[in-house]
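The sequence and structure come first.

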Amino acid sequence: MLGVKKGGGWNRGNPSLPISCHRAGTMDPESIAQLLVTDYRVASQRGSEAQLWKQFFYGPIGTFRASISIAKKERNAPALASTQALFRAFLDDAIVFYAQLIVRLANAHSLKRVARVVVASGALKPFTLGMPDQPPLDERVDKDQVVLTCFQCLIYLGDLARYRDSTAPAPSPAPKFYYNLAHILVPSSGNPFNQLAVLPQAASNDLTAADLYARALCCSRPFPTARRNLELCLARPRAFDGTDAILEAARVLLLGPSTGAAGKNLDDGLGADFEARVGKPVLAAWIASLAAFNLDAIVMAQIARLLIAVRALLPSASPRGTDAGRLLWTLSQECIRVSLERQNRITNVGQGVTESLADALAFVHPVLALVVRDPVQVPSHLWPVLVEFGNALMRGVDVRKFKNRMASIQKQYRGVLDAEWVGFAPLDARAFDFNTDGDFDEDLGEMAVDEDGTGGAVRPTEDDAGMEKVWLVLEAMWKVSSLPDSHIAFSGIRWRMGSEKENSPGRSSEKGPVLGRDFFEGELGGGLSDTRPPISTQARSSAEAVFEAEMVAREDEKAEKAVEIGFVQMQ
């Protein structure tokens, strides 16, 4: 019998089940599961999947939790221990039940995507040992609907593992593992991210929770409950300090300038007051955090995603939508500027590009992916900053290797789209429509879930993780430079202001200095960036001289081999 552990399992007489499961005249879990497997159409018409969860699992879980709460309140240790033990046994059986149901559905309906993503990964193998084989059926069903049922079962597995963790001394990676596996199976759904946000590890960190709730809304199948959850997460006014400044900006943009303003007309923004009341305080906190190196790469990536999501959730033509865009571009500019200043100061003591620019790489990468989606939206003052950033990154890479890598991705470019952004609508335009086989025509790459529950992409690389991020950002810049409305170009050894027609991946005769302080004082002046601290002219001129000498030397060394190592511009 499906999901039955030795000794009873899902029999109505099982004492581990609450009385609500022992209703006379109702189908037992095994019968409903069998119906889902062998006659999916009828089961779907009856709403069997939802009935199965609500009646035999979610309802009993509520009863168990209420009993545990009463035992804790009454300080009844024996009753608490006994109830928790029964609850864990119930949850263990439920996890086996749903794991086996996924495998049976995949086998019965020949679900290639479920077989490849879930079954072949070995994630459910411990729960299916000894389970009889389920032969394929001739039943003609909409395979995409069966895949969505398997997806929902993975969500249930994550919930069950989360409830089990509530009885353990410390959380396990199991809930995160199942939710991420559900995301990989159906990247267009926001449900997994809403569930990830309620895990203790995320719920205790407002930035992480807000990032995940916003992520649950920015997809082709948004999870509606996440909107209210995001509003609750952002409802408390915060000081303009550290990451709280970012959350306060998100609160004002999404909910309005005063607490409880959710649902206000988006045309009722702060208008001209936004820069003074929100923009400049946020920017000051941002610059202070960057200068103190208080934000690691993970936090920087979360901030970038949250700001991009906030911008996407607002109508682009509304005052708040405009303010959100200006804030994103200004923080991007200052992130690059501060990191470049830091790099110029510390390069002389032996720290390389990867270490000194790690935080900026994490923030700029998704911003570049956003630029790829719509380069017209980029303000003019950001282009020269990207040029200087690209040239700083080129100091840490081998030019020939960069050219070879660019040549290798011309036919199949994935550099901009990070595994963390798959299904994130502002950066990923794919629809993820199911075909008749219950699979996607889009190539999602080799995505996987690590043992700690973290989702990612398996990508071969000769470099360490830090250097790989440098490559990804340079690839993204190359993609940006190839766009019709781009204002940057790659000359063959360095980046410069120009159009895509000026891209010359082979030989370059240009030997001028890199873009410097004049851009910050000229084109870059204005807007929120007026509050930035001055850059050390001596440090910058010294760094520029070193960089210029290195670039000229590289150009001379490779001039004779330019034809051999040149490559065709990526389309």
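A charge sits over a ring if NZ of Lys or CZ of Arg is within 6 Å of the ring centre and within 35 degrees of the ring normal. The charged end of Arg-342 sits in this way over the ring of Phe-293, 4.0 Å from its centre. This is a predicted model, in which local features need pLDDT of at least 70 and side-chain atom pairs count only at pLDDT 80 or more, while totals for chains, interfaces and linings use all residues. Residues are numbered from 1 along each chain as its sequence is written, and side-chain values use heavy atoms, with hydrogens and water left out.

**Charge over ring**
- Arg-162 lies over the face of Tyr-163, at 5.1 Å from the ring centre.

**Aromatic pairs**
- Rings of Phe, Tyr and Trp (its six-membered ring) pair if their centres lie within 6.5 Å; planes under 30 degrees apart count as stacked, over 60 as edge-to-face and the rest as tilted.
- A search of the whole structure finds 17 aromatic pairs.
- Phe-57 and Phe-97 form a tilted pair, because their ring centres are 5.4 Å apart and their planes are at 40 degrees.
- This pair links distant parts of the chain, with Phe-57 in helix H3 (residues 48–73) and Phe-97 in helix H4 (residues 77–108), 40 residues apart.
- Helices (H or I, at least four residues) are DSSP runs, numbered from the N terminus.
- Phe-57 is buried at a relative accessible area of 0%, and Phe-97 is also buried at 0%; buried means under 20% relative accessible area, exposed over 50% and partly exposed in between (1.4 Å probe, protein chains only).
- Ring pairs join Trp-53, Phe-57, Tyr-58, Phe-64, Phe-87, Phe-90, Phe-97, Tyr-98 and Tyr-156 into a cluster.

**Cysteines**
- The whole structure has zero disulfides, a disulfide being a pair of cysteine sulfur atoms within 2.5 Å.
- The closest cysteine sulfur to that of Cys-218 is in Cys-219, 7.5 Å away, which is too far for a bond.
- Cys-218 is buried, with a relative accessible area of 5%, and Cys-233 is buried at 13%.

**Helix packing**
- Axes are lines fitted to C-alpha atoms, for helices over the stretch in contact, and angles run from 0 to 180 degrees between N-to-C directions.
- The axes of H4 and helix H7 (residues 143–165) come within 9 Å and cross at roughly 160 degrees.
- H4 is therefore roughly antiparallel to H7; angles under 35 degrees count as roughly parallel, over 145 as roughly antiparallel, 65 to 115 as roughly perpendicular and the rest as oblique.
- H7 packs against helix H8 (residues 174–185) at an angle of about 165 degrees, with their axes 7 Å apart, so H7 and H8 are roughly antiparallel.

Conventions: Helix = DSSP H or I, 4+ residues; strand = E, 2+ residues; numbered from the N terminus.
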